Amino acid sequence: DLECARYVLEHYYRYVRPLAMARAALATRMSGCLELTLLSCREPQLPAARAQDHDLPKVLARGRQTYSVPIGARVCFQVHNRSQRQLRITLLNSAASGRVQLLGDETVDPRKAYTFWAHSSLGVPFEMTPPQGKSYCIDRPVAIGRTSVPHDLDYLKVDRTFAEIVEQWRAVHRGVDTRNAEARGGGAEEWIASEQMIIETGRPQGP
């Protein structure tokens, strides 16, 4: 249905907004100064004292910034600020469900690294799990930094899924409009981003 397709495309625009912003930031003079790394954490939880001072192994990439992990894998994300400027760095994920998740936000000093943990709880890893009823999914995390520390990126967060958008369309056709307006943010001084990361969880279903 073309009307339903419009709803989905409008949602898709918001879904890819962090990725488009990151691509634009990669074209700035600070390109290459922000590195995003996926780390493996086998323990259910690290002591908070080790959350930043650790020797966790990197998840091996099977391509440029592309990773495959089993369902239930525990991971965390480390961001290296290789620039000479202090940066406010936001870690976002354009998730398989259609949500844009705010995974963390931190101010990182020049030439320093910071490890992001689940729910901003030091030492608690993210557990990679496909959406309910699925055995495979692709997530697209990206780190976006800026020199304007007061500038936040909360407006990029999207709470609804693609499935919920379709249900919204059905609700409108039943005479109930559930759409909500979203706030938009302003500009900043200088921007920087990591390369987009692709994380495949589980195995794709095939014949």
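Student: How much space lies in the largest pocket?

Tutor: In this predicted model, the largest pocket holds about 560 Å³ of space.

Student: How is such empty space found?

Tutor: A probe the size of a water molecule is rolled over the atoms, and this shows where empty space is left.

Student: What makes a residue part of the lining of the largest pocket, and which residues lie nearest its centre?

Tutor: A lining residue has an atom within 4 Å of a point of the pocket. The largest pocket has 27 lining residues, and Asn93, Gln101, Leu103, Phe126 and Glu127 lie nearest its centre. Two or more lining residues come from each of strand 5 (100-108), strand 7 (126-127), strand 8 (136-146) and strand 10 (198-202). Strand 5 gives the most, with 4 residues.

Student: How do the lining residues divide into nonpolar, polar and charged?

Tutor: The lining of the largest pocket has 15 nonpolar, 9 polar and 3 charged residues.

Student: Why is Thr66 called buried?

Tutor: Buried means under 20% relative accessible area. Thr66 has a relative accessible area of 14%, and therefore Thr66 counts as buried.

Student: Where is Thr66 found, and with which residues is Thr66 in contact beyond its neighbours within four places in sequence?

Tutor: Thr66 belongs to strand 2 (residues 66-69). Beyond those neighbours, Thr66 is in contact with Ala61 and Ile198.

Student: What part of the chain counts as buried, and how many helices and strands does the chain have?

Tutor: Of its 207 residues, 44% count as buried. The chain has 2 helices and 10 strands, in the order α-β-β-β-β-β-β-β-β-α-β-β from the N terminus.

Note on methods. Residues numbered from 1 in each chain as written. Predicted model: local features only at pLDDT ≥ 70, side-chain atom pairs only at ≥ 80, totals over all residues. Heavy atoms only, no water. Buried < 20%, exposed > 50% of the residue type's maximum accessible area, 1.4 Å probe, protein only. Contact = heavy atoms within 4.5 Å. 1 Å grid on protein atoms, 1.4 Å probe; cavity = no way out; pocket = protein on both sides within 12 Å on 5 of 7 lines; lining within 4 Å. Points joined across faces, edges and corners; volume = space filled by probe spheres on them. Nonpolar A, V, L, I, M, F, W, Y, C, P; charged D, E, K, R; others polar.
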